[in-house]
Amino acid sequence: MFTTIEEFIKKESSSGVILIIVTLLALLCQNSFLTDFYTHFLHTPVQISIGSLGLAKPLLLWVNDGLMAIFFFLVGLEIKREVLEGELSSKSQIALPAIAAFGGMVMPALIFTFFNHTDSFSMKGWAIPTATDIAFALGILSLLGSRIPSSLKIFLMALAIIDDLGAIVIIALFYTSNLSLVSIIIALCAIIILAMMNYLRVIKKAAYILIGVVLWVSVLKSGVHATIAGVLLAFCIPLYSQTKEGKRFSMLKEMEHSLHSWVAFIILPLFAFVNAGVDLKDVSLNALFSDVSLGIMLGLFLGKQLGVFGLSILAIKCGLASLPSGSSYKQLYGVAILTGIGFTMSLFVNTLAYNDTDLFHYSDKLAILLGSFLSGLIGYLFLKSIPKSL
């Protein structure tokens, strides 16, 4: 199990470095002579059609609605594996990260609400600071090497996975548009077929992928965000199957392994590139310190650490959970600071909440970058300052 976790952390760490480079590249493109090229790239028309059925969207939406569905498919696979046989498979393992994740979602939302409760449009972004970017957080934690016990790395990974599950629920419940009954019925039929395939132990990956595409298109047309289709498909992938020759294999783990590099090194960097291009020319101090920006920045930097650490301490003191083995309360607090790195997940929720409006003059996206940067920098420096003997 620990070998799998180490491989996971290593890939996420490498992805975090690439995300930093791509983010800087997006900022450079948007704020230089390349700005026109960058804008045209985002709005490049892409159309896929089969007969009379066709989908035509700009590249930006194909990334956010299509490629991110693959990302959430991978997230769904990871959640299912962890729940069935991993770090979330028993009450003792799941207690602390689950309670911490809950605090890390509630407190940022409360801080954002405090600043924006009088404006109904601004309040659409209440979930922006509730997310944790697992790639960045684990990437920074890995820079500290053996100073951080493995138990804390596992805690952060489990917390981030539960955090992703919370984000999925939030997207499904709060970020939907007008619903299409016909499309929802088609989606439900696709889910039933996938569930029956799982029950009947169908072992052809192509069959799941084919029905999964139908599910994605129907969810896309239904008004529910298309990324939810990726999660639903993942939950229908069997953990273990058996061939006709009696050989036992894991379709879920094979898919997870084959997708991980594509997601970590292509999909997430591409998502960051098309969404992190903040036009700094139009960002004023007034905009940066607006209610929305303050709600996002303080939600990420203060809300996440207070919620995660506060509820973790409460759970430990009440006997509901125990401190990760070999770690100290100071180290736990340092990891709590790192959970304020929202980045890709926060940017994604931001696109859902405000639909890429320029009403805030990019200050909302800049607030995500600044809140995440502060959380990463302060968290790293704090953990590095703790004596290794602790």
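How many disulfides does a search of the whole structure find? After that, please take me closely through the salt bridges around Arg81.

Author: Before the details, please keep in mind that this is a predicted model, in which local features need pLDDT of at least 70 and side-chain atom pairs count only at pLDDT 80 or more, while totals for chains, interfaces and linings use all residues. Residues are numbered from 1 along each chain as its sequence is written, and side-chain values use heavy atoms, with hydrogens and water left out.

To take your question in order, the search of the whole structure finds zero disulfides, a disulfide being a pair of cysteine sulfur atoms within 2.5 Å. Cys236 is in no disulfide, and the nearest cysteine sulfur, which belongs to Cys189, is 13 Å away. Cys236 counts as buried at 10% relative accessibility, where buried means under 20% relative accessible area, exposed means over 50%, and partly exposed lies in between (1.4 Å probe, protein chains only). Cys29 is buried as well, at 4% relative accessibility.

Now to the salt bridges, of which the structure holds six; the term stands for a side-chain nitrogen of Lys or Arg within 4 Å of a carboxyl oxygen of Asp or Glu. Arg81 forms one with Glu82, and the closest N and O atoms of that pair are 2.9 Å apart. Both of these residues, Arg81 and Glu82, are buried. Arg81 also meets the side chain of Glu256 in a salt bridge, at 2.6 Å from N to O. Because Arg81 lies in helix α3 (residues 59-85) and Glu256 in helix α10 (residues 251-275), this pair ties together parts that are 175 residues apart in sequence. Helices here are DSSP runs (H or I, at least four residues), numbered from the N terminus. Glu256 is buried, as is Arg81, and the three residues Arg81, Glu82 and Glu256 are linked in a network of salt bridges.

Lys205 is partly exposed at 32% relative accessibility, and Glu254 is partly exposed with a relative accessible area of 36%.

Note on methods
Helix = DSSP H or I, 4+ residues; strand = E, 2+ residues; numbered from the N terminus.
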